[in-house]
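The structure comes first, then the points by topic.

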Amino acid sequence: MSQAPADLHPLVQEYLHELHVLRQLSPHTLKAYRMDLGELQLLATDDSIELLKVTNAHVRRWAGRLHSKGKSSRTIARALSAWRGWYDWLTVKDARRDAQAGRVTANLVANPVDDVKAPKRLKSLPKALSVEQALALVNQAVKEAEEKKDLETVRDAAIIDLLYSSGLRLSELLGIDVMQSKDRQHESAGWLDWDAAEVTVLGKGGKRRSVPIGGPAMQSLKVWRSVREQLEQADVSIALFISAAGARLSPRTVQARLRTLAMRAGLPTHVHPHMMRHSFASHVLQSSQDLRAVQEMLGHASIASTQIYTSLDFQHLAQAYDKAHPRAKAGKA
């Protein structure tokens, strides 16, 4: 926001004083009010409008002006809230004064900020790896598993392969058991069907879904199963992914292992488990263009949640265009 004018309108000063004394707002909040109301005063001055004669049309124009200056939706919404509060205070103040004087109408008939909303905030797109980056990460995990053949590297390869192959949430992945439990005291949240190459998980809202697993990912999972079966501690847990002590893995362990592996794979971005889910959805959509199928595999209740990946798909196409088309860049003949 711009600096507040040195001489604030007397009624603005009175309002700020009331906020300080009666409402006892914090210095930080008062500073924000001062800045926002000072901005209002500057906008009115620029358009030669008296603050007490501001209309709804003025406020809408000024909100648009702030937006064109690059102010965020959150900043504009905060300013509108401050302006609305001041005009509400003026209306009450005028009504009280009119009643004392025997009049029944206030000078401000309506709050000029009413029904004015900040521009909608653009939803930030989920970050996804490129196909090349995703394959580099999976290949790095598989390579390390083949070379070291120890518990952690073999397990990590199976985890990353499954995340990218089936688009699971981290909570869904960690809830998977080696097989479906028939014990009523321990009903499996998720399990693998090794013959059908499918994983069944418990998603949001308690909804189950089954997702296919690709051939390479199934191979990584079978290698991990053979290593897991050799652990003495494996008998005490039916969890698919366990530590050396036989405990079901924690989310932080998977996050840390994935982050470290991504660094060794030379990826230039912070990789987390949900990014693998975004990458799965984006890459399947790029290839199939089947939004409903992706929705079903992700377990989205609404197609609107899945449609965000069409934006990611467009970004991918735009980047490919920029790199490949001879007239994509400005100034090129």
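A search of the whole structure finds 12 salt bridges, a salt bridge being a side-chain nitrogen of Lys or Arg within 4 Å of a carboxyl oxygen of Asp or Glu. The model is predicted, so local features need pLDDT of at least 70 and side-chain atom pairs count only at pLDDT 80 or more, while totals for chains, interfaces and linings use all residues. Residues are numbered from 1 along each chain as its sequence is written, and side-chain values use heavy atoms, with hydrogens and water left out.

Helices (H or I, at least four residues) and strands (E, at least two) are DSSP runs numbered from the N terminus.

**Salt bridges**

- Arg78 and Asp36 meet through their side chains in a salt bridge of 2.9 Å, N to O.
- Arg78 lies in helix 4 (residues 73–100) and Asp36 in helix 2 (residues 27–46), so this pair ties together parts 42 residues apart in sequence.
- Arg78 is partly exposed at 40% relative accessible area, whereas Asp36 is buried at 1%; buried means under 20%, exposed over 50% and partly exposed in between, with a 1.4 Å probe and protein chains only.
- Glu187 and Arg208 form a salt bridge between their side chains (3.7 Å, N to O).
- That pair links distant parts of the chain, with Glu187 in the loop between strand 1 and strand 2 and Arg208 in strand 4, 21 residues apart.
- Glu187 is exposed, with a relative accessible area of 61%, and Arg208 is partly exposed at 36%.
- Salt bridges with shared partners join Glu152, Arg155, Asp156 and Arg257 into one network.
- Within it, the closest N and O atoms of Arg155 and Asp156 are 3.5 Å apart, and both residues are buried.

- Four strands form an open sheet in the order 1-2-3-4, with mixed pairing; two strands pair if DSSP finds at least two bridges between them.
- Strand 1 (176–177) and strand 4 stand at the edges with a single partner strand each, so one side of each has no neighbour in the sheet.
- Strand 2 (residues 190–193) pairs antiparallel with strand 3 (residues 198–202) over three bridges, and Leu192 stands opposite Val199.
- Five bridges join strand 3 to strand 4 (residues 208–212), also antiparallel; Thr200 has Ser210 as its bridge partner, and Leu202 has Arg208.
- The hairpin of strand 3 and strand 4 has five residues between the strands, and Gly205 in the turn has a positive phi of about 75°.

**Gln140**

- Gln140 is in helix 5 (residues 131–148) and is buried, at 18% relative accessible area.
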